[in-house]
Each structure stands twice: as structure tokens, then as C-alpha cells.
Amino acid sequence: MLNQTVKYSLTTKILIGMFLGILTGVLLRNIFPESTFVDHYFTNGLFDVIGKIFVASLKMLVVPLVFVSLVCGTCSLSDASTLGRLGFKSISLYLVTTAIAISLAIGIALLISPGEGVNLTSGATFDAKAAPTLSEVFINLFPSNPIKSMAEGNMLQIIVFALLFGISMAIAGPAGQRLANVFEDLNAVIMKLVSILMNLAPYGVYALMAKLFIVQDFSTIANLMKYFLVVFGTLLIHALITYPVLLKALSGLSPVTFLIKMRDAVLFAFSTSSSNATIPVTLETVTRKLGVNNKVASFTVPLGATINMDGTAIMQGVATVFIAQVFSMDLTLGDYLMVILTATLASVGTAGVPGVGLIMLAMVLQQVGLPVEGIALIIGVDRLLDMTRTAVNVTGDCMVTCVVGKSEKQMDLERYHAAEAGLAEEEVHLER
């Protein structure tokens with residue numbers, strides 16, 4: 001008799017978990033509408049607990065992984081000028097892609113006009129928090145207490161401290177080399193822990209999707225369908241056209257290979273709605289599947305997760321046009337140029353601030369004289385769009401990492417093109 005066992009890839013398992021989670025959420029929402037039992041034992045019980053443990057487990061790894069990996073990468077750099085080039089190339093590319101993203105969003109929104117003829121009222125309110133000033137941004141880059149920065153997950157401060165620590169190790173002679181060996185071992189152990197948690201991902205994704213589709217009010221999406229589709233469509237265009245074109249033009253690498261090998265990181269980002277929580281998977285993807293040296297990846301990935309706001313910029317561009325049309329307010333070409341400039345620069349200035357997307361949008365609206373209260377109109381559909389724009393942000397992080405890695409000759413091209421590094425969808429083992 002023939003016994004057949006099928007070993008599915010991680011991607012397939014996550015997709016199965018996602019599909020089953022969506023199906024479970026939809027069934028529970030429709031079969032038991034407004035059920036106290038479902039709400040108590042599933043929505044805020046089982047699914048909530050599993051989902052939060054999964055996300056917390058990923059976030060648990062972020063600070064030690066970023067710090068250790070960046071220290072290892074920095075102390076192994078041959079000279080200080082290399083670090084300067086990495087920083088200049090990475091930040092420049094992130095700002096360029098953000099400017100392209102919001103320009104694309106404004107152009108498509110003006111073409112389709114999602115807010116014309118829309119008369120919406122919302123019971124929701126939005127209290128715009130003040131964004132930090134430019135001087136505060138530069139001051140806050142440097143931690144007065146690195147341990148506190150790590151405890152609070154302040155990524156920019158962690159990056160600065162790790163860079164300084166790594167540079168000090170590199171010039172400390174034998175003592176620095178002994179400590180570097182310890183950090184290399186720590187990095188290997190942490191990456192193994194990442195692999196262990198990735199195998200538990202399908203269960204976490206299932207719980208997150210199930211809870212989302214129980215609580216999501218889809219009537220809100222129906223009322224804002226045109227706005228929702230414009231944002232969603234622009235996000236797809238940016239991820240599937242803009243990034244591949246830039247990757248091919250700047251590095252000559254195959255966009256198809258890139259997109260296929262990105263699938264695990266994209267699914268994690270979509271499920272968790274957090275670029276920071278996805279950092280362990282993003283680093284795993286760019287180093288082990290795309291072949292970028294950890295010297296580059298350990299710097300560009302955490303930096304991108306902090307300042308790369310392409311998905312958020314797209315939401316801001318469409319939302320600005322939408323709110324202007326809903327309130328029948330005309331914006332000039334100069335206003336739109338100001339929106340592009342403000343959103344691009346704010347992607348760095350508001351990095352690491354909680355609720356960064358809505359804070360940036362409030363800044364943009366205030367800059368061109370639009371009512372900040374308009375944000376309340378789109379909050380209802382922001383959850384699903386947030387998942388998608390996080391996936392776009394992570395794709396942008398990996399694209400920039402590949403371009404910088406290739407330009408610095410810190411990339412294993414054989415690994416990038418190798419099918420066994422991540423292209424196989426499943427392995428089928430036959431036992432007789």
C-alpha cells in the first residue's frame with residue numbers, strides 16, 4: 001500500500017491558516033451575530049490570546065535581534081566610510097520611494113475622484129497629537145539611557161547606540177574581537193529562535209484573521225468602497241510595479257525572483273500590521289533567501305521598518321484628495337506639492353511615534369488647510385488597509401536592501417537566483 005505524506009512550505013501553511021481564520025471569523029459573525037458567548041470565549045478569549053501571544057513573541061525578538069545583528073554588521077565593516085555610504089544610500093532611497101508613493105496616490109486619486117458626490121457623517125472623532133519638531137527629531141536620535149530605549153522599543157535610538165557600540169568594538173583591538181565572537185554566537189542563536197517561531201506562525205495568523213473578520217464592520221467598507229479600492233489598488237501598483245521597476249533599473253536583479261521570495265515576509269506583515277514585529281522575518285528573508293550580507297541587511301532593514309512609510313504615504317495622498325472632495329475644498333498644484341514634501345520629510349520626523357500614520361495625515365491636512373476631523377470618516381476602513389500598507393512597507397524595505405547590497409557588492413547572487421533558497425512551494429515525500 002502506498003502511504004503519501006505531504007510536507008507543505010511555510011508559505012502554504014500560513015496561507016491555509018489565513019484562509020481558515022477568515023472562514024472561521026465570517027462564519028461566527030454570521031451564524032452568531034452579536035453573541036455574548038462568541039465575544040467572550042472567542043473574540044476576546046481564544047483568538048485574542050493566541051493572536052496577542054504570537055505578535056508579542058515576534059516583538060520579543062525585535063530589540064535583541066536588531067541590536068545584536070547591527071553590532072555584528074557594524075564591527076565587521078572595513079572602514080567608517082562604508083557606514084556613511086550605507087546610510088546615505090538607504091535614507092535617500094527610502095525618501096525617494098516615499099515621494100513616488102504619495103505622488104502616485106495623489107495622481108490616481110485625482111483621476112478617479114473617490115470623494116466626489118460623497119456625503120458622509122461619522123460618529124467617530126479624531127484627536128490629532130502634536131508631531132515632534134525637527135530639532136526634537138535630531139535630539140531624540142541619541143539615547144540618554146540605552147536600556148530604557150530598548151525597553152520602550154525606540155528603534156532609531158537602538159540603531160544609533162548599536163552603531164556606536166559596533167564601531168567601538170571594531171577599534172578596541174583584541175578585546176573587541178573577543179566580544180565580536182560572542183555577538184556572532186548570540187546572532188546565530190537568535191536567528192534559530194526566529195526559525196522556531198516562524199513554524200508557529202500559521203496558528204498565530206489563524207487567530208489574528210479570525211478575530212479581525214468577527215469584529216470588522218464591512219458595512220463601513222461598503223460606504224467607503226471607492227476610497228477603499230483606490231487606496232488598495234494604489235498599494236498594489238506600488239508594490240507590483242514601482243518596486244520591481246526600481247529594483248531592475250538600479251540593480252539589474254530579477255523582479256520576479258524578488259517578489260516570489262518575498263512572500264513569507266509579506267504574509268507576516270499583512271497578518272501583524274507591524275513593520276517592527278516583522279523585522280525578524282524580514283531579516284531572515286533578505287539574508288537567507290535574497291542573499292544580502294548581514295553587514296548591509298542589519299542596518300537597512302531596521303532603518304526601513306522605522307522610516308520607510310510608502311504604504312502610509314499612499315493612504316495620506318488618497319485621503320487628502322478624498323477629504324478635500326468630501327468637504328468641497330479645492331487644492332492648488334502648490335498645495336499638492338506641499339503634501340508630497342510634508343509627507344516625505346515627515347516619514348523620518350515621526351518615525352517611532354505611536355499611531356504614526358494618522359499623526360502624519362493630520363500634519364498633511366493641517367499644512368494645506370483641510371479639516372483634521374475628516375480623518376474620522378476613514379478610520380472605519382483603516383484596519384484592513386493598514387495590513388496591506390504594512391506589507392507594502394516591508395516589500396520596500398527588502399527592495400532597498402537588495403539595491404544597496406548589490407551596489408556595495410555585499411550580496412550572494414547565486415543564493416538570490418537559487419530556487420532551493422525559497423522558491424519550492426512544497427515537498428512531496430512518498431513512502432512505500
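**Entry 1: helix H13**

How many of the eleven residues of helix H13 (residues 279-289) are buried? I began my notebook here and counted ten, so helix H13 is mostly covered. A reminder to myself before going on: this is a predicted model.

I wrote down the buried residues of H13 by name: Ile279, Pro280, Val281, Thr282, Leu283, Glu284, Thr285, Val286, Thr287 and Lys289. I then looked up Arg288 and found it partly exposed, with a relative accessible area of 40%. Arg288 has a partner, for its side chain meets that of Glu284 in a salt bridge, at 3.4 Å from N to O. Arg288 and Glu284 are four residues apart in helix H13, so about one helical turn separates them. Glu284 counts as buried, at 11% relative accessibility. Stepping just past the end of H13, I found Gly291 with a positive phi of about 80°.

Next I turned to helix H12, which spans residues 263-272. Eight of its ten residues are buried, so the rest of the structure largely encloses this helix. My list of the buried ones reads Arg263, Asp264, Ala265, Leu267, Phe268, Ala269, Ser271 and Thr272. Just after H12, I noted that Ser273 takes a positive phi of about 55°.

Which side chain meets that of Asp264 in a salt bridge? I found Lys289, at 2.6 Å from N to O. Asp264 belongs to helix H12 and Lys289 to helix H13, so this pair ties together parts that are 25 residues apart in sequence.

For the whole model I have a count of seven salt bridges.

One of them joins the side chains of Asp48 and Lys52, at 3.5 Å from N to O. Asp48 and Lys52 sit four residues apart in helix H2, so they are separated by about one helical turn.

I stayed with helix H2 (residues 36-75) and looked up Ser57, which lies in it. Ser57 is buried, with a relative accessible area of 18%. A polar atom of the Ser57 side chain lies 2.7 Å from the backbone oxygen of Ile53.

**Entry 2: what the record lists**

I opened the unreviewed UniProt entry and found "transmembrane region" listed for residues 12-32, 53-71, 91-112, 155-173, 193-215, 227-246 and 336-365. I compared two of these spans with the model. Residues 91-112 are 100% helix and 0% strand, and their end C-alpha atoms are 32 Å apart. Residues 155-173 are 84% helix and 0% strand, with end C-alpha atoms 28 Å apart.

Where is Leu20 found? I located it in helix H1 (residues 10-31). Leu20 is partly exposed, with a relative accessible area of 40%. Together with Ile16, Phe19, Leu23, Leu27, Ile31 and Phe32, Leu20 makes a nonpolar surface patch of about 660 Å².

Leu236 is found in helix H10 (residues 225-251). Its relative accessible area is 38%, which means partly exposed. From Leu236 I looked across to Gly311: the two are 75 residues apart in sequence, yet 9.8 Å apart in space, C-alpha to C-alpha.

**Entry 3: cysteines**

A disulfide needs the two sulfur atoms within 2.5 Å. Cys398 counts as buried at 0% relative accessibility, and Cys402 is buried with a relative accessible area of 0%. My count of disulfides comes to zero.

Technical notes. Residues are numbered from 1 along each chain as its sequence is written. This is a predicted model: local features need pLDDT of at least 70, side-chain atom pairs count only at pLDDT 80 or more; totals for chains, interfaces and linings use all residues. Side-chain values use heavy atoms; hydrogens and water are left out. Buried means under 20% relative accessible area, exposed over 50%, partly exposed in between (1.4 Å probe, protein chains only). Helices (H or I, at least four residues) and strands (E, at least two) are DSSP runs, numbered from the N terminus. UniProt positions are given in the numbering used here, feature names are shortened, and annotations may be inferred rather than shown by experiment. A polar contact is a pair of N or O atoms within 3.5 Å; within protein, one must be able to donate a hydrogen and the other to accept it, and residues adjacent in sequence count only if both atoms are side-chain atoms. Patches are made of residues with over 30% relative accessible area and no salt bridge: like charges are joined within 9 Å, nonpolar side chains (Val, Leu, Ile, Met, Phe, Trp, Tyr) within 5 Å. Accessible areas come from the Shrake-Rupley method with a 1.4 Å probe; for residues, only the protein chains shown count as cover. A salt bridge is a side-chain nitrogen of Lys or Arg within 4 Å of a carboxyl oxygen of Asp or Glu.
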